[in-house]
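Subject: Structure handover

Hi,

Here is the structure I promised to pass on.

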Amino acid sequence: MIALFVALGGASYAAVKIPKNSVGNTQLRKDAVTSAKVKDRSLLATDFKTGQLPRGATGATGAAGATGATGATGVTGPAGPTFAFTYTGGSGGISGSYVSVVDQSFTVPRAGRIAFTFSGRFLQTGGAPRVNCITKGTDDVSAAPVTYSGELTATGESAQIPIVGNFAAAAGVNRIVIECNTTVGDSVNIGGWQLNGVLTDP
């Protein structure tokens with residue numbers, strides 16, 4: 001009876017006197033917690049020391065994604081037509097009234113402006129002439145200021161007259177006219193000329 005009382009009293013003492021959450025590392029004996037006492041799949045990766053859990057093998061490379069659709073290519077506009085010309089000539093004489101030194105027609109591929117340069121050489125053949133030139137284009141308005149030379153007083157004296165101008169050109173056939181005259185009673189010969197032009201934007 002005495003032995004039974006002591007045995008039961010000791011067990012009751014232990015159950016009553018051990019506070020809740022009072023058992024820690026100090027109270028646990030080495031190897032006291034075994035696999036059988038750990039609930040399956042209850043531990044997390046954070047419960048293990050860094051480097052304790054082995055890294056899994058690298059997975060196979062995934063299949064390449066489909067190539068995205070190619071963006072639309074911008075459409076290049078057609079190149080605008082270009083046009084240029086060079087004409088030469090020179091013969092005949094001028095005495096007093098206006099004479100057409102240049103009367104040239106040409107065909108352009110589109111509407112725009114014709115920018116031109118003219119250079120004409122005139123030789124004195126009588127008196128002391130002064131050469132005056134006017135220029136018209138397809139639009140039938142003056143294509144350049146009136147151009148003139150100084151007096152040619154010596155026999156055979158020559159003057160080079162430059163003209164720079166432009167005029168509106170329509171698509172198709174166009175025309176440029178350069179007319180020159182001299183003072184009344186005086187005369188010159190047309191020694192030669194050159195006319196250059198290019199089509200520009202309107």
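Aromatic pairs first: this is a predicted model, and with ring centres required to lie within 6.5 Å, the count comes to 6 aromatic pairs. One of them is Phe83 with Phe106: the ring centres are 6.0 Å apart and the planes sit at 25°, which is under the 30 degrees for stacking, so this pair counts as stacked. If you wonder why those two values are the ones I quote, a pair of aromatic rings is described by the distance of the centres and the angle of the planes.

Where do Phe83 and Phe106 sit along the chain? Phe83 is in the loop between helix 1 (2-17) and strand 1 (84-89), while Phe106 belongs to strand 3 (residues 99-108), so the pair ties together parts that are 23 residues apart in sequence.

Arg130 lies over the face of Tyr148, 4.8 Å from the ring centre.

Next, the cysteines. How many disulfides does the structure hold? It holds 1, and the bond joins Cys133 to Cys180, with an S to S distance of 2.0 Å. The torsion about that S-S bond is about 105°, so the disulfide is right-handed. Cys133 sits in strand 5 (residues 132-136) and Cys180 in strand 8 (residues 172-181), so to speak of the chain, the link runs between distant parts, 47 residues apart. Both cysteines are buried: Cys133 has 1% relative accessibility and Cys180 has 0%.

An open sheet of 4 strands runs in the order 3-8-5-6, with antiparallel pairing. Its edges are strand 3 and strand 6 (147-148), each of which pairs on one side only. Between strand 3 and strand 8 the antiparallel pairing covers 9 bridges, and Val108 stands opposite Gly172 in strand 8.

- Thr135 lies in strand 5 and is buried, at 2% relative accessibility. Apart from neighbours within four places in sequence, Thr135 is in contact with Phe116, Val141, Ser142, Ala143, Ala144, Ile163, Ile176, Val177 and Ile178.
- Ala159 lies in strand 7 (residues 158-169) and is buried too, with a relative accessible area of 12%. With neighbours within four places in sequence left aside, Ala159 is in contact with Gly120, Arg121, Phe122, Ser149 and Leu152. Of these, Ser149 is 10 residues from Ala159 in sequence and 6.5 Å away in space, C-alpha to C-alpha.

That's what I have for now.

Cheers

Note on methods:
Residues numbered from 1 in each chain as written. Predicted model: local features only at pLDDT ≥ 70, side-chain atom pairs only at ≥ 80, totals over all residues. Heavy atoms only, no water. Phe/Tyr/Trp six-rings, centres within 6.5 Å; stacked < 30°, edge-to-face > 60°. Helix = DSSP H or I, 4+ residues; strand = E, 2+ residues; numbered from the N terminus. Lys NZ or Arg CZ within 6 Å of the ring centre and 35° of its normal. Disulfide = S-S within 2.5 Å. Buried < 20%, exposed > 50% of the residue type's maximum accessible area, 1.4 Å probe, protein only. Pairing = 2+ DSSP bridges. Contact = heavy atoms within 4.5 Å.
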